[in-house]
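Subject: Structure for you to look at

Hello,

Here is the structure I promised to pass on. Please open it and keep it in view while you read.

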Amino acid sequence: MRAIQKNGGSILMCVLEILIGVLLLVDPLGFTSSIIIALGAVLIVAGVVFAVRYFRTDAAEGALTHGLSKGLLLLLAGLFCVLRSKWFVATFPLLTILYGIGILISGVGKIQWTADMLRFGRKRWYLPAISAVLSLCFAAVILFNPFETTAVLWSFTGAVLIVEAVFDIIAIALGGKHRDNDDDIIDV
């Protein structure tokens, strides 16, 4: 229980990964388009805020902060996201490669976690080791992309998010426990 309390942020991230994974499994292209459009709306609002803030500040301060330029760029980026969300869907192979690289980096981090647990003499060092192997295998599958369509690839990605997050929660809850007499905490 203490490990869960100390790693609440990591567990919350895992729960969010599970939620995103489920949404990707249900409707990968629809979910992604919705996220892109929502991001576009946020960028539009931020652009308007920057532009309004520029005109409400002193001329010298406005010139130094480049608020109007930032606002217009954010507004244009937001409009592009809202009006051309299909463009992002078409570039999924590139985004998938970036995601695969992220999972690969996460797997390497889990190798470090495993080594740390071994060095500290933890009993359940094998939990992050299994998670590391899974991450590295999933990264390899995603990076080599044996899938025929983007929808299948993103469904697989959703499944990967769910499996990794569930296993990370188990590793945090069981493997993150520490003895009462030592204060070495290993985070994910």
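Predicted model: local features only at pLDDT ≥ 70, side-chain atom pairs only at ≥ 80, totals over all residues.

Helix packing

Two packed helices are described by the angle between their axes and the distance between the axes. Keep both in mind for the two pairs below.

Start with α7 and α8. Helix α7 covers residues 92-119, and helix α8 covers residues 126-144. Their axes come within 8 Å. They cross at roughly 160 degrees. Angles over 145 degrees count as roughly antiparallel, so α7 is roughly antiparallel to α8. The crossing of α7 past α8 is left-handed. What kinds of residues make this contact? The contact of α7 with α8 has 17 nonpolar residues, 7 polar and 1 charged.

Now turn to α2 and α3. Helix α2 spans residues 8-26, and helix α3 spans residues 28-56. Here the axes come within 5 Å and cross at roughly 120 degrees. That angle makes α2 oblique to α3. From α2, the contact uses I20, L23, L24, L25 and V26. From α3, P28, F31 and T32 take part. By class, this contact of α2 with α3 has 7 nonpolar residues, 1 polar and no charged ones.

Nonpolar cores

Which residues make up the largest nonpolar core? There are 7 in all: I11, W113, M117, L127, F167, A171 and I172. Helix α9 gives the most, with 3 residues.

Look at F167 in particular. Set aside its neighbours within four places in sequence, and F167 is in contact with L127, I130, S131 and L134. L127 also belongs to the largest core.

There is a second, separate core of 6 residues. Among them are F31, V89, W154 and L161.

Most residues other than glycine have a negative phi. Now find H66. Its phi is positive, at about 55 degrees, although H66 is not a glycine. Where does H66 lie? Look in the loop between α4 (59-65) and α5 (67-83). Is H66 buried or partly exposed? H66 counts as partly exposed, because its relative accessibility is 48%.

Best wishes

Conventions: Residues numbered from 1 in each chain as written. Heavy atoms only, no water. Axes fitted to C-alpha atoms, helices over the stretch in contact; angles between N-to-C directions. Helix = DSSP H or I, 4+ residues; strand = E, 2+ residues; numbered from the N terminus. Parallel < 35°, antiparallel > 145°, perpendicular 65-115°, else oblique. Left-handed = near helix turned anticlockwise from the far one by under 90°. Nonpolar A, V, L, I, M, F, W, Y, C, P; charged D, E, K, R; others polar. Buried < 20%, exposed > 50% of the residue type's maximum accessible area, 1.4 Å probe, protein only. Core = buried A, V, L, I, M, F, W, Y, C linked by side-chain atoms within 4.5 Å. Contact = heavy atoms within 4.5 Å.
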